[in-house]
Amino acid sequence: MSAHQDWIRWVDMSGFSERLKLLRSARNITQARLAELLGVDPRVYNRWERGTATPQLDTVMKIADILQVSLDELAGRTDSLSEPKIHNHELMSLYHQVDELSDEDQQALVLVIDSFVRKSQVNKVMRKAAK
């Protein structure tokens, strides 16, 4: 039996398409963008959300990575639907690579990110004060 056939038996297919749509929508990712990130035709992806086709297991693993969920969550084996840690997929991808940086580079990155966060906070306060 192939891995794809095992995957289909392992997952509750009746709810997979709905979970896929729900998780994608919760992360503000369009079908077209998720298809692009996966390297598949948007029409193929659309079939997955409609429940008329099933992705291969390796693609399901990529979907879980992009949506920042476990395979169990995506497959419906667990009920909890977690919020993504970082909504921007490109930032999340870079986040996973940060541990490979030297301590010095990580500290520099902390300073850069902190400055952007502080700038955003100041801008919010200034907008509130202007109202």
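## The nonpolar core

A nonpolar core is a set of buried Ala, Val, Leu, Ile, Met, Phe, Trp, Tyr and Cys residues joined through side-chain atoms within 4.5 Å; buried means under 20% relative accessible area with a 1.4 Å probe, protein chains only. This is a predicted model, where local features need pLDDT of at least 70, side-chain atom pairs count only at pLDDT 80 or more, and totals for chains, interfaces and linings use all residues. Residues are numbered from 1 along each chain as its sequence is written, and side-chain values use heavy atoms, leaving out hydrogens and water.

The largest nonpolar core has 16 residues, and those touching the most other members are Leu 20, Leu 34, Leu 38, Tyr 45, Ile 63, Leu 67 and Leu 74. At least two residues of this core come from each of helix 2 (13-26), helix 3 (31-38), helix 4 (42-50) and helix 5 (57-67), helices being DSSP runs of H or I with at least four residues, numbered from the N terminus. Helix 5 supplies the largest share, five residues.

## Around Leu 38

Beyond its neighbours within four places in sequence, Leu 38 is in contact (heavy atoms within 4.5 Å) with Tyr 45, Trp 48, Thr 59, Lys 62, Ile 63 and Ile 66.

## One aromatic pair

Searching the whole structure turns up one aromatic pair (ring centres within 6.5 Å, using the six-membered ring of Trp). Tyr 45 and Trp 48 are three residues apart in helix 4, so about one helical turn separates them.

Notes
Buried < 20%, exposed > 50% of the residue type's maximum accessible area, 1.4 Å probe, protein only. Phe/Tyr/Trp six-rings, centres within 6.5 Å; stacked < 30°, edge-to-face > 60°.
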